[in-house]
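Here are some notes for a colleague who is new to this structure. Please keep the model open while reading them.

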Amino acid sequence: MKQNDFLKKADQILETYDSKRMHDYIMNLAFACSETNREDFLQQLDSFKRIPNYFQNKKKYWQTQVLNLIDELNYVVEQGFGINRVFDEYEYDYGWDDDFDNETYDYLDDHELLPVVSDAIDAIHQCVDLEIFQEGYELSKNLLGLNIDIITEYGENFKELENANFYHLTEDILKEVDHRQALNDFVTLASRNESLENLPACIDSIQSKFEYCTFELKSWFSQNQEWEYKDVFLRYWISYLGSLKRSGFQKMIQEAWDHIQDVSLKLKTIERYGYNHPSLYEKFLEDRSISMSPQERLEIGCKGLDSIPKYVCGRSKVAVLCANFAKQNQDDRIKEKCLIEAYRSDISVTNYLRALLNAEDRTTMKNQLRFIFERYLQDKPQYRSLVDEEWKITSPNKSVLSMIHLLNHRFDHDGLDAFLTNQEITPLLLLILKSKELPQDCLVLCYSLIRHLPFSKSEYETGNPSLDLNLKDAAFFYSLFVEWKDSIKGLEAVKKDIYEHLESRIYSTVRLTLSRQERNFYDTMAAYVAALGEVKESWGKVGAKRKILQAYRGEFYRYPRFLKCLRHHGMID
């Protein structure tokens, strides 16, 4: 509760007291006063009778203080005063691992600028509490527009000139300023002086001065509960944020979205600004508090798929939600179309397998997915690093690209050698493994693979990725991989060629790793060797894993650390 609201309510209660009740109340406070505070209590009681109209005079006092601070800040700007920053070589610890961000400085404030800035921040807070809005807003504009020269001296012969604004002064020098409270106070003063139409741009300008401290609507509303224009302001605020595509706006517009109670307003918002903020479609479709049928949600989601650019990853999440609504409506045609769009917007193994394995005609679906991938490689959209995560452009990593090439490959065509050369080892091992369940070392390698993709069971089933991957995710991935393998033509004919390629490649990789003494990779190399044996055993070759491990033991007996890793993966001395 703000101080002014607190005082008003206290005054309303005290007006109901007669002199006898007031006397009893003060005596009750005196009775509860501890022994250490009794002298102070009596002094305050005695001095208060000599202060006429205390609360009215307090507001008048702060109005005068604010006007004086405005004059002082204007004088500082006119005179161009600065602050000297001297490097303290006696405090600095010279060492090999110097951290220049933690250098020690002394600040010489000859013109006493810092106390003026500190007093002005305190005065701003008093202006909000006492409702001194006009003078306080003028002071806040002077503070935010402040630029002070910081002159750094490194010894006698070298000086450096920097320019410090309000945020740098309070963050680097004063340090004890509550930036969240200061930002809320500045916005409160602006809201009482600017029109509601201009207020959003004004707030954006204010928060730009705070750099790493952004405006939070919930925090500001909680401190301005009595403000009567919240609903009207919310419309202007959403309109301002929605019309722009800037870093940091995603969180703010989603926060504003959460304050909208009117469903029709939410619909108008996503129709107008969904192009700039695709995450609004996702929030709307996931909002279970809105009473809508799956068909209505599907129609809204399909409008989002038409308006959001096709290579934006956020569009993929909307497509997956639409596929789920289509599934509830038992509309397989729309479901397949939505899963294709999910893959188009986010080239990932999860989206590929989800689209392919849920298709009625997998051959046709595979051709469509292959065409989308080839078109993506031609377009190569660039990741936009200057905007929010919701505008992230699909950018598959090396492991994903390799896996997609594997899933798209036609094993009944030529070009096997070139294909195998560009593939990673683990997917090829899983490809020729003839088992419905993963053996121990293949499971470990599969777990490492899904961490690089990444892939999770929860993301495949619900569209929500899991940050905590485990071996169950690896086993689930392999079950889907097996289902995909069952639809491959010509794989059996080239299985032996793939094994010979892996045998040669793993041997050369192990030999190169050991010659370079890259000990961090010894365990991975041993896992490759053991997994190769497990593949051979899945073909019916009993004891193949043990023989392969023994063969590598004989070949690389001079590398005890590697032998230790082989033992870890099943080698018996």
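Predicted model: local features only at pLDDT ≥ 70, side-chain atom pairs only at ≥ 80, totals over all residues.

1. Aromatic pairs. How many aromatic pairs are there? The count comes to 31. One of them joins Trp227 and Tyr229. Their ring centres lie 6.0 Å apart, and the planes make an angle of 75 degrees. That pair is edge-to-face, because planes over 60 degrees apart count as such.

2. Tyr229 has a relative accessible area of 38%, so it is partly exposed.

3. A stacked pair. Phe455 and Phe476 also form an aromatic pair, and this one is stacked. The distance is 6.3 Å centre to centre, with 25 degrees between the planes. The pair links distant parts of the chain, 21 residues apart. Phe455 is in the loop between helix H23 (440-452) and helix H24 (457-462). Phe476 belongs to helix H25 (residues 471-485). Both Phe455 and Phe476 are buried.

4. A ring cluster. Trp227 and Tyr229 return here as members of a cluster linked by ring pairs.

5. Charges over rings. Which rings have a charged end sitting over them? One is the ring of Tyr460: the charged end of Arg354 sits over it, 5.8 Å from the centre. Another is the ring of Trp539, where the charged end of Lys495 is 4.7 Å from the centre.

6. Helix H23. This helix has 13 residues. From its first C-alpha to its last it reaches 19 Å, close to the 18 Å expected at 1.5 Å a residue. Its buried residues are Asp441, Cys442, Leu443, Leu445, Cys446, Leu449 and Ile450. What do they pack against? The partners are helix H20 (398-408), helix H22 (425-432), H25, helix H27 (522-538) and helix H28 (544-555). H25 is also the helix that holds Phe476.

7. A helix pair. Helix H12 (residues 249-258) packs with helix H14 (residues 279-286) at an angle of about 30 degrees. Their axes are 10 Å apart. The crossing of H12 and H14 is right-handed. H12 makes the contact through Gln250, Ile253, Gln254, Trp257 and Asp258. H14 contributes Ser279, Leu280, Lys283 and Phe284.

Conventions: Residues numbered from 1 in each chain as written. Heavy atoms only, no water. Phe/Tyr/Trp six-rings, centres within 6.5 Å; stacked < 30°, edge-to-face > 60°. Buried < 20%, exposed > 50% of the residue type's maximum accessible area, 1.4 Å probe, protein only. Helix = DSSP H or I, 4+ residues; strand = E, 2+ residues; numbered from the N terminus. Lys NZ or Arg CZ within 6 Å of the ring centre and 35° of its normal. Expected span 1.5 Å × (residues − 1). Contact = heavy atoms within 4.5 Å. Axes fitted to C-alpha atoms, helices over the stretch in contact; angles between N-to-C directions. Left-handed = near helix turned anticlockwise from the far one by under 90°.
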